[in-house]
Amino acid sequence: MKNAKRMFAFISALALAFSYNAPSFVAIAEDTVDLKDSVGQQTEDVSEPTTEENDLELNVVIPDNWTNNFDEWTVDVSTDATLYYKTSETPLANHMWGTYSDSDAKLWNDGTAFEDGEGYIKFWAVRKQDDQDEVVDCQALTYKYDTTIPDAFSVEKIRIDDKTFDIKSSSSISDNLSSNLEIYYVLDNSELTKKSEIEAVGNRISLNDNNGEYGFNLHGEPSMIDHEVVFYVIDEAGNIQHTSIVIKDTSKPYLSVSGIDTDENKWSNTLNWLVTSIPTENVSIYYKTSDKNEFDWGAYESASVWNSEWDSEALADVIPENHHYVHFWAAYDNDSDHEVAEETFHYNFDKTKPTEFAVNMSDPFWPQPGNSWWSQRSFSTDATFYENGSGIESVTYKIGNGGEQYIAYTESNGGYKFEININNDENLANNALTFIVRDKAKNEQTFVIDAVNSSKPIIKEASVVYSDNKEELEKATSKHSLIFGDERSKTYPYSNAVYANNNDYIKLEVDDASLNSIIVNVNGKQQSLGVRNQQETERNGIIVYSDKSNYRYKNCYIPVSKLNGLNKQGVNTISFVIKSHNNTKSEEAYLLDSKDNHCDIFYDPKDQDDSTVSFSATPQYVDADGKKILWGIIFFGRDCNYHKR
C-alpha cells in the first residue's frame with residue numbers, strides 16, 4: 001500500500017509539471033529530498049511519502065515567458081507550512097543556495113514583496129513537526145518578472161501639406177526589463193487596460209530600431225482628423241504605457257483667384273477680379289498691395305478685408321494703379337488651428353487717360369515741290385501732353401468714320417508732342433477730324449476738329465478801311481459813304497459811295513476753313529485773286545489775319561490798287577465771291593458803309609487832297625433821325641467840287 005501511494009504521488013507530480021511546459025518542481029516530504037548539483041537538470045529525487053495524509057507538499061511551476069503577475073505561476077504548498085525563497089541573477093549549484101534560515105531568505109507571502117527582475121528562484125516549505133522543522137525544498141527555477149510599465153514617450157504631428165500629415169514619436173520608446181515592445185493605436189479610447197483588449201481593437205504599428213532607440217512614423221489617415229489618436233506600448237510582460245494626440249483639422253481653405261492678367265507686359269484699364277474661397281462660410285479674405293514683390297507679406301491681421309461683392313468700379317477705387325503686386329489670404333474666422341491660404345499675383349493697372357491736349361491747324365499750304373493736287377494743312381499739339389501710367393501705345397487720327405492712321409510722336413520735357421500734315425481735300429473738308437492718344441491700357445484721350453469746311457464759305461461783311469500802317473489794319477474802322485452825283489445828271493448819276501484811293505483796303509470778313517481764292521467783280525468784270533498759300537497771297541498784296549480762337553474766321557485785306565477795271569474819278573460797283581479749296585463758293589457780297597448801307601466806290605487813284613468839291617442843290621435826303629438835308633456833290637472833270645444849296 002505504501003508503495004502504491006508513493007507511485008501515485010510521483011505520477012501526479014509529473015503530470016502537473018508537463019501540463020505547464022515550464023520549469024516546475026513537486027516535492028513531498030517524508031524522508032528527505034536531495035537535489036543534484038546540476039542546475040540544468042530538471043530531475044527530482046522524491047522519496048516515498050509517508051502513509052499519513054498530512055504530508056508536507058511543495059509544488060512550483062514558473063512559465064518561461066515574462067509575466068507581470070503570478071496568475072501564470074503555480075506555487076502550491078501545504079496550508080500549515082511557511083514558504084521561503086531566495087533569488088539569484090546567476091545560476092548556483094544546489095549547495096550554494098544555502099537554506100531557508102539564512103538572512104537573505106525571504107517569506108514568500110504570495111509574492112507581495114517580490115521584486116522585478118530576471119534570474120533564478122528557489123523555494124523552501126517549512127512547518128513544525130514535533131518541535132522540529134520539517135522542510136521541503138525544490139530545485140532552482142528560472143523566472144522573468146516585470147511589473148514596470150514602459151517608459152513614457154511623446155508623439156507629434158508632422159505636416160506634409162495642408163491636407164496630409166504624419167504622426168511620429170518625438171522621443172525614444174523604451175522599457176527597463178522585458179522589452180520586445182509592441183505598439184498599437186486606437187481612436188478616442190484611452191481607457192484600455194488589458195493587452196487582449198488593445199489587440200482586439202487597435203492597429204499595430206511597426207517600430208523602427210535606430211541604434212537601439214525605438215520609434216515609429218505613422219502616415220496620417222483622414223479618419224484621424226478631429227479625433228484623439230491613442231498610442232499603446234506593451235512590453236513582453238504585458239505592462240502598458242500610453243500617450244495620445246488630438247489631430248485637429250488644420251487644412252487651409254481653398255483660395256480661388258481669377259481675372260488677373262499676370263503678364264508683366266500687359267496692362268488693363270478695368271479690374272474684373274473674382275476672389276472667392278471654399279468654403280465661403282466662416283472664412284474671410286484679406287489683401288495687401290505693394291509696388292514690389294515682398295519677401296514677407298506679414299500676417300493677414302494687418303491687411304485689408306476683401307469684399308467679394310466689389311465690382312470693377314468699386315475695385316478701381318481701392319486697388320492702386322501702375323505696376324503692382326497683390327497678396328491674398330483666406331483664413332478661417334476665429335480659428336487659429338487651421339492654416340491660412342496665401343497667394344501673390346502681379347498686375348498692371350491703369351485707369352487714367354492721358355492728359356488732355358489741343359491740336360492747332362494751320363492755314364492751307366502747298367507742299368514743295370508744288371506738284372500736289374491738293375494743298376495741305378499742318379496739325380500739331382499746342383503744348384506737351386503726358387501719360388504717367390502704362391505709357392503711350394499709339395497716337396492716331398481718323399477722318400470721319402475712316403480707319404485710324406498712325407502719327408509719329410516724340411518725347412518732350414517728360415511728355416509727348418506730335419505734328420502731321422494732312423491733305424486739305426474734300427474728305428477733310430466734309431468730315432470731322434479726330435486725334436486719338438491711346439495708352440498701353442487702352443485708355444483714350446481725343447481731340448476733335450469739326451469738318452474743316454462743313455458748310456459753304458460766307459462773306460460776313462465787305463467794307464473799305466484806311467490805315468497809315470498796314471500792321472495796324474485790324475484796328476482800322478470802316479469809312480463813311482457820301483451821296484455822289486445828281487439825279488438829273490446822266491454823266492454823274494445819283495450814288496451812295498465811299499471815296500477811296502490807292503492807300504485804302506477792301507476788308508472782307510469771311511467764314512471759311514480752307515480759303516482758296518477771292519473773286520472780285522468790278523463793274524461787271526471778274527478778277528480772281530489767289531490766297532491758297534502764303535506765297536500767292538503775298539504776291540497779290542493781300543493780308544490775311546486768322547482768328548486764333550476759331551480757325552474758320554479770317555479778315556482779308558485787299559489793296560484797292562490791286563483791283564482791275566476801276567473807273568478813275570468815278571463811281572464803281574464792286575461785288576465779291578470767295579472760293580474754298582473744294583471749289584465751294586460763297587454767296588455774292590457787296591460793299592457796306594459804316595452804317596451797313598450798300599455802297600459803291602468813288603475811286604481816285606491819287607488822294608483826296610487834289611480834289612475840288614462844289615455843292616449844288618439835290619433832292620431832299622432824309623437822315624436816320626428823319627431830318628431833311630438839302631446837300632449834294634457835283635463832280636467837274638478831275639476835281640470834285642462840293643456845292644451846298
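Which side chain meets that of E182 in a salt bridge? The views below take up this pair and other features of a predicted model, in which local features need pLDDT of at least 70 and side-chain atom pairs count only at pLDDT 80 or more, while totals for chains, interfaces and linings use all residues. Residues are numbered from 1 along each chain as its sequence is written, and side-chain values use heavy atoms, with hydrogens and water left out.

**View 1. The salt bridge of E182 and R204.** The side chain of E182 meets that of R204 at 3.6 Å, N to O, in a salt bridge (a side-chain nitrogen of Lys or Arg within 4 Å of a carboxyl oxygen of Asp or Glu). The pair links distant parts of the chain, 22 residues apart, with E182 in strand β11 (residues 182-187) and R204 in strand β12 (residues 203-205). Helices (H or I, at least four residues) and strands (E, at least two) are DSSP runs, numbered from the N terminus. E182 counts as buried at 16% relative accessibility, whereas R204 is exposed, with a relative accessible area of 54%; buried means under 20% relative accessible area, exposed over 50%, and partly exposed in between (1.4 Å probe, protein chains only).

**View 2. The salt bridge of D102 and K86.** Here the side chains of D102 and K86 meet at 2.5 Å, N to O. D102 is partly exposed, with a relative accessible area of 28%, while K86 is buried, with a value of 5%.

View 3. The side chains of E199 and K195 meet in a salt bridge of 3.9 Å, N to O. Both residues belong to helix α2 (residues 195-201), and because they are 4 residues apart, about one helical turn separates them. E199 is partly exposed at 38% relative accessible area, and K195 is partly exposed at 29%. The structure holds 16 salt bridges, and elsewhere D80, R127 and E134 are linked in a network of such bridges.

**View 4. An open sheet of 4 strands.** The strands follow the order β12-β11-β16-β17 with antiparallel pairing, where two strands pair if DSSP finds at least two bridges between them. β12 and β17 (240-247) stand at the edges with a single partner strand each, so one side of each is left without a neighbour in the sheet. Within the sheet, β11 and strand β16 (residues 227-234) pair in the antiparallel sense over 6 bridges, and Y184 has Y232 in β16 as its bridge partner.

**View 5. The lining of the largest pocket.** A pocket is an open set of points, on a 1 Å grid over the protein atoms alone, where a 1.4 Å probe fits and protein lies on both sides within 12 Å along at least five of seven lines; lining residues have an atom within 4 Å of a point. The largest pocket is lined by 15 residues, of which D363, N533, Q534, T537 and V544 lie nearest its centre. α5 (534-539) and β38 (543-547) each supply at least two residues of this lining, and the largest share, 4 residues, comes from β38.
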